[in-house]
Amino acid sequence: MENIVNIVNFIRGAEPRRRWIDLVEPVREQIRLMKENHLKGTFLVQYDAMLREDILSLLKPLDPEQFELGIWFEMNQPHVEAAGLKWRGRPGFEWDWHANVGFSVGYLPEEREKLTDVIFEKFRECFGRDARSVGSWMIDAHTLAYMADKYGIVASCNCKDQWGTDGYTIWGGYWNQAYYPSCRNALCPAQTEAGGIPVPVFRMLGSDPVSQYDLGLSVENGATELQGVESLEPVYAAGGGKPAWVDWFLRQNFRGGSLAFAYAQAGQENSFGWPAMKAGLEYQFPLLAKLRDEGALRVERLDESGEWFKRQFPLTPATAVCALEPYEDRRAQSVWYDCVHYRANLYRDGEGLRLRDLTLFDERREERYLHAACETEYLVYENLPIVDGNRMSGGGVRAGAWLRAEEIGSFEVKEEGESLRVGYGAGELLLTPDGLQFTGGAALCFRWKMEKRAFVRRDGRRLLFAHGGREYALCVDAGEISEGDAPVIQPENGKIALSFDRMEAGGNA
């Protein structure tokens, strides 16, 4: 198993929210720290930053073996106008973060191609070579495929899962590591080579695998519409700015149980200013260098990781994140499993043991913005929820597929090829690319706030679900299903086995 860290710092040329921030100092200091610790990494540059000589003068002399330069694909006024389009940002905002202005989804597909051509031309003009990596909080599938086909990019990166943060809902995707996206939905891993874009997309920011998912959740009032952040970003005092959390996070990511490979992205955008990130980066970067020197992980450019991924995997591999150790007074355990077909999260805390999340992937389902422009200030990317412990909670119900086990012990994890076996005392869960299998005699009890559920009804040995105009099913290959709006699956000969049926194609995200 490979343990990989990408340092990705992206650079904006303007910060209209806080004009007093020095946007050059973070770039200069990040370069200094990376040189001092002999760390490879990637700087992704926004169009407006390519117009600033004070930023270019720092980037142009960098050794390309150590420092990759790529593109940060958010729109800003000079970029849009260079493409011959009208800038629709708010007055006084030459960079506007609203989704219908600052992201590719805010433009029609033919406009996205113009915006892509202009920034790749500017990049070559500035740096004398083509960009190989492109990142953004979210790039739509049409644009990503266009970049792959015309410019041959080898890697991309997008935002972690979150709900509503900064106006961006990116929910139900591959939890961590990287995936080949569907040609129709940039957040959905493709199930086939023909249905995918041949560019691995790496998930950014290093989410807390225990707490980020439920941030802002109230069992009584339900999920928040604006989640906070607990991640490796050094500007967050409870996350990447806190040495004890950083140590814990890196142990959970890189001490085994990750299947194909383990991954984290470090770094920070310049628009926070150097003082906000200084302490966090000055702790993280020497630590990453130490772990690299000990052989615990490798720190490399984003394009190197993309090329490695493409050599190793014709399809998205199964990966996992296993957070098994306590952190401070938190005793919860969380195991994330991702493959081309679905993602699942097994979660254990003082309330018991449950599947906190079970989400189906379907490469045929189109994202909202594949053919049309986003007209709202926010964007939404989703997949097909079966169990969503965050969005389906409320009214006193904590959603999940709860296991009625007599004895619940600490997780014990064993890797078996693309499968992960998680023991939990008297029973175990086997997660495979084809489905889930519980043994040990525990019943599986689905709970959710009724008006928030995706569940429709039972159909023989299938549980039918619907979301966003799309119907799909959870197949009970072993087990006995009860009737009702919140099914219970009793074990059959001590076992419950689950698989999936995507049913007929149709429906959009």
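Predicted model: local features only at pLDDT ≥ 70, side-chain atom pairs only at ≥ 80, totals over all residues.
About 80 Å³ of space lies in the largest cavity, whose lining is made up of Lys160, Trp175, Asn176, Arg203, Met204, Gly206, Ser207, Pro209, Phe249, Asn253 and Val321. By class, the lining of the largest cavity divides into five nonpolar, four polar and two charged residues.

The second largest cavity has a volume of about 30 Å³, and Ile139, Leu144, Ser156, Cys157, Asn158, Ala186 and Val201 form its lining. Strand E5, residues 155–158, gives the most to the lining of the second largest cavity, with three residues. In the second largest cavity the lining counts five nonpolar and two polar residues, with no charged residue.

The largest pocket has a volume of about 290 Å³, and of the 19 residues that line it, the closest to its centre are Trp137, Asp166, Tyr236, Glu269 and Phe272. Taken by class, the lining of the largest pocket has nine nonpolar, three polar and seven charged residues.

About 220 Å³ of space lies in the second largest pocket, which is also described by 19 lining residues, those closest to the centre being Glu382, Pro385, Asp388, Arg391 and His467. Strand E14 (352–360), strand E16 (384–388) and strand E24 (462–467) each supply at least two residues of the lining of the second largest pocket, and the largest share, four residues, comes from E16. Sorted by class, the lining of the second largest pocket has eight nonpolar, four polar and seven charged residues.

Strand E24, a contributor to the lining of the second largest pocket, leads on to its pairing partner, for E24 and E25 pair in the antiparallel sense over six bridges. Within this pairing, Arg462 has Cys475 in E25 as its bridge partner. The hairpin of E24 and E25 has two residues between the strands, and in this hairpin Gly468 takes a positive phi near 60°. Strand E25 also pairs with strand E28 (residues 495–501), in the antiparallel sense and over five bridges, and here Ala473 stands opposite Asp501 in E28. How far is strand E25 enclosed by the rest of the structure? Seven of the nine residues of E25 (residues 470–478) are buried, so the strand is largely enclosed by the rest of the structure.

The buried residues of H5 are Pro109, Arg112, Leu115, Thr116, Asp117, Val118, Ile119, Phe120, Lys122, Phe123, Cys126 and Phe127. Against which elements do these buried residues of H5 pack? Their partners are strand E2 (41–45), helix H2 (53–59), strand E3 (67–72), helix H3 (77–82), strand E4 (133–135) and helix H6 (141–151). Just after H5, Gly128 takes a positive phi of about 75°.

Note on methods
Residues numbered from 1 in each chain as written. Heavy atoms only, no water. Buried < 20%, exposed > 50% of the residue type's maximum accessible area, 1.4 Å probe, protein only. Contact = heavy atoms within 4.5 Å. 1 Å grid on protein atoms, 1.4 Å probe; cavity = no way out; pocket = protein on both sides within 12 Å on 5 of 7 lines; lining within 4 Å. Points joined across faces, edges and corners; volume = space filled by probe spheres on them. Nonpolar A, V, L, I, M, F, W, Y, C, P; charged D, E, K, R; others polar. Pairing = 2+ DSSP bridges.
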